[in-house]
Amino acid sequence: MQFSTAAPAIGSPHSSVSRIAFLSHLLATDISALKTPTLNWNSTTNFFICRSSLTPKKPSPSFSTPKVSTSDDSSKTQLLDLIDDDDDVVRQARRSADWKAARAHYENGIVYQGRVEGSNGGGLLIRFYSLVGFLPYPQLSPSHSCKEPDKSIQEIAKALTGNLISVKVIHAEEEKRKLIFSEKEAIWSKYSNSVKVGNIYQARVGSVEDYGAFAHLRFPDGAYHLTGLVHVSEVSWDLVQDVRDILNEGDEVKVKVIGVDRNKSRITLSIKQLEEDPLLETLEKVIPQDDSGSSLDSTADYAIDPLPGLETIVEELQREEGVIDVKITRQGFEKRVVSQDLQLWLSNAPPNGNQFTLLARAGRQVQEIQLVTSLDQDGIKSALQRVLERVP
């Protein structure tokens with residue numbers, strides 16, 4: 001006798017599609033029962049009937065009852081095939097349900113405790129029920145590298161294997177089998193509410209880029225949980241050509257929070273705003289009049305030769321929109337050399353109508369420049385910034 005090859009119809013209760021309808025109760029019960037299905041001896045037809053929770057007890061009239069050879073080997077093979085088919089259906093249904101759970105976690109921003117299964121060259125492997133997703137190294141919390149700065153990211157990843165970490169699903173696409181996690185996003189949910197504009201933190205410099213430096217904020221528990229950006233314009237009051245001239249990875253700095261974007265999970269930081277703006281000075285403050293030998297001279301006595309490079313800056317400044325006139329009026333000599341490089345800044349002397357005062361310094365010499373303009377103070381600073389970027 002040969003086993004019938006007639007397959008159940010798609011609409012039949014024995015098809016794979018129909019079997020999935022019986023799975024809703026399986027995920028809450030002991031699935032091991034599926035691996036040992038009940039075997040009933042049918043004395044009429046002399047063959048075993050394999051039943052599981054996926055197989056209806058009464059076959060429909062359209063079902064062609066399989067006939068199994070009395071050969072022991074053949075019977076065992078057919079029974080194992082039936083069991084394997086049931087296991088495949090259960091596994092597929094379980095995975096489908098877990099993909100739905102992953103999408104729900106993503107859409108609702110749920111924090112999940114995922115076990116680190118291992119790592120590769122790009123990140124960590126995270127267990128999510130029956131699925132395994134990926135957490136790229138850049139999505140790790142900065143607390144790990146700040147705690148052990150001498151270890152490579154691969155060594156840190158290896159040490160995390162087997163541990164549970166808080167993560168959020170940031171991408172879930174079953175069709176492409178892409179499941180991506182972020183620990184940074186989970187940590188943001190926990191700590192970001194305590195970050196306010198105006199807060200001051202001790203921070204450790206992370207990566208340094210052309211546009212600025214990332215700084216990891218230290219929290220009261222001593223860990224560096226969140227990261228913010230110090231833009232190049234917020235590093236120093238001086239003109240910064242290259243951030244790397246001032247900041248390096250691993251530097252400890254003090255920063256001020258000047259912006260928090262909770263929708264984009266971004267923190268904007270400043271270093272220079274913790275210092276008084278040095279561009280707000282008068283010539284008298286730079287060169288106090290005492291018996292030290294410092295002096296102030298006026299163009300009323302003689303013509304003042306511009307400091308090296310200043311004449312070009314004056315010419316470029318006169319081309320800026322809103323600038324009416326630029327003229328050097330006074331100069332002085334400091335007791336000590338502050339810098340050999342030419343420095344230019346805006347004085348805090350109250351403007352006289354539309355006339356503002358600039359100061360230029362190189363070596364011991366300081367010159368006062370009168371600027372007639374329709375620009376306000378911020379407009380003048382922006383104009384100076386543009387000019388200094390144009391002048392070599």
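**Reading helices, cores and a buried glutamine**

Colleague: Which residues of helix H8 are buried?

Modeller: Gly 379, Ile 380, Ala 383, Leu 384 and Val 387 are buried in H8. Buried means under 20% relative accessible area and exposed means over 50%, with partly exposed in between (1.4 Å probe, protein chains only). Seen down the axis of H8, these buried residues fall within an arc of 135 degrees, so they line one face of the helix. The arc is that of the directions from the helix axis to the C-beta atoms. Asp 378 and Glu 389 are exposed, on the face of H8 turned away from the buried side.

Colleague: What should I know about the model itself?

Modeller: It is a predicted model, in which local features need pLDDT of at least 70, side-chain atom pairs count only at pLDDT 80 or more, and totals for chains, interfaces and linings use all residues. Residues are numbered from 1 along each chain as its sequence is written, and side-chain values use heavy atoms, leaving out hydrogens and water.

Colleague: How many helices and strands are there?

Modeller: The protein has eight helices and 17 strands. These are DSSP runs numbered from the N terminus: helices are H or I with at least four residues, strands are E with at least two. Of the 392 residues in the protein, 38% are buried.

Colleague: Which residues have the most contacts inside the largest nonpolar core?

Modeller: A nonpolar core is a set of buried Ala, Val, Leu, Ile, Met, Phe, Trp, Tyr and Cys residues joined through side-chain atoms within 4.5 Å. The largest one here has 23 residues, and Leu 217, Leu 226, Leu 247, Val 255, Ile 267 and Leu 269 have the most contacts inside it. Helix H5 and strands S8, S9, S10, S11 and S12 each supply at least two residues of this core. S8 gives the largest share, four residues. A second, separate core of 22 residues includes Leu 346, Ile 369, Ile 380 and Val 391.

Colleague: Which residues are buried in H5?

Modeller: In H5 (residues 183-191), Glu 183, Ala 186, Ile 187, Trp 188 and Tyr 191 are buried. Trp 188 is also among the residues that Ile 267 touches, where contact means heavy atoms within 4.5 Å.

Colleague: Is Gln 331 buried or exposed?

Modeller: Gln 331, in strand S14 (residues 323-333), is buried, with a relative accessible area of 5%. Its side chain makes polar contacts with the side chains of Gln 365 at 2.5 Å and Gln 367 at 3.3 Å. A polar contact is a pair of N or O atoms within 3.5 Å; within protein, one must be able to donate a hydrogen and the other to accept it, and residues adjacent in sequence count only if both atoms are side-chain atoms.

Conventions:
Lists of a residue's contacts leave out its neighbours within four places in sequence.
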